[in-house]
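Please look through the sequence and the 3D structure shown here before reading on.

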Amino acid sequence: TFFKDLDTIMKQDFETVVLKALPDNPIQETLNTLADARRVILLTGFPVRLSNGSYVGETDGPLGTADIAAALTALGASVLVITDEPAFSIVSDVVCYRAPKAKLMMLPKADTGDFIRNCIKTFAPNHLISLTN
């Protein structure tokens, strides 16, 4: 079966403890869970410090986030993407291109806990997914 084969391929990297700890067919389980998603918050961004002391956003999480946002909005879900300031421009570009129906917000530098709690309270997601590099 497709998902069993995919699970076997995904777990071939035996040095990764996280992969060994996953349940059987986590992708099938994730698909089943997200098929009924109606309101989803996607959280991405990881600041990378450059040699000159400035920061830039990492590039792995934003691309996957945009693809997931596109898939979920195509299924009719409302999606809110939240990212940090260093990643905001790249996340904005890829999300606007791939998932124009998704909403986008920047995580503030201060009071981030209050910000996230408020987003959860007002957006009322049934799923929250964090993606980083």
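Contact, a word used throughout, means heavy atoms within 4.5 Å. In that sense Ser54 touches Val48 and Arg49, when residues up to four places away in sequence are not counted. What you see is a predicted model, in which local features need pLDDT of at least 70 and side-chain atom pairs count only at pLDDT 80 or more, whereas totals for chains, interfaces and linings use all residues. Residues are numbered from 1 along each chain as its sequence is written, and side-chain values use heavy atoms, with hydrogens and water left out.

The chain as a whole has 6 helices and 6 strands, where helices (H or I, at least four residues) and strands (E, at least two) are DSSP runs numbered from the N terminus. Along the sequence these elements follow the pattern α-α-α-β-β-β-α-β-α-β-α-β. Of the 133 residues, 30% count as buried, a word that stands for under 20% relative accessible area, while exposed stands for over 50% and partly exposed for what lies in between (1.4 Å probe, protein chains only). Among the contacts in the chain with a separation of 6 or more, 62% are accounted for by residues 24 or more positions apart.

The next topic is the interior. A nonpolar core is a set of buried Ala, Val, Leu, Ile, Met, Phe, Trp, Tyr and Cys residues joined through side-chain atoms within 4.5 Å. The largest such core has 18 residues, and those with the most contacts inside it are Leu42, Ala69, Leu72, Val79, Val81, Val95 and Ala102. Two or more residues of this core are given by each of β1 (39-44), α4 (60-74), β4 (78-83) and α5 (85-98). A second, separate core of 6 residues includes Ile41, Leu80, Ile82 and Cys119. Val81 touches, among others, Leu42, Ala69, Val95 and Ala102, residues up to four places away in sequence not being counted.

How do two of the helices lie against each other? Two packed helices are described by the angle between their axes and the distance between the axes. The axes of α4 and α5 come within 9 Å and cross at roughly 25°, the axes being lines fitted to C-alpha atoms over the stretch in contact, with angles that run from 0 to 180 degrees between N-to-C directions. That makes α4 roughly parallel to α5, because angles under 35 degrees count as roughly parallel, over 145 as roughly antiparallel, 65 to 115 as roughly perpendicular and the rest as oblique. The contact is made by Pro62, Leu63, Ala66, Asp67 and Ala70 of α4 together with Ile90, Val91, Val94, Val95 and Arg98 of α5.

Some loop residues complete the tour. Most residues other than glycine have a negative phi. Asp111, in the loop between β5 (103-106) and α6 (112-123), has a positive phi of about 55° although it is not a glycine, and Asp111 is exposed, with a relative accessible area of 58%. Ala124, in the loop between α6 and β6 (127-131), likewise has a positive phi, near 50°, and counts as partly exposed at 46% relative accessibility.
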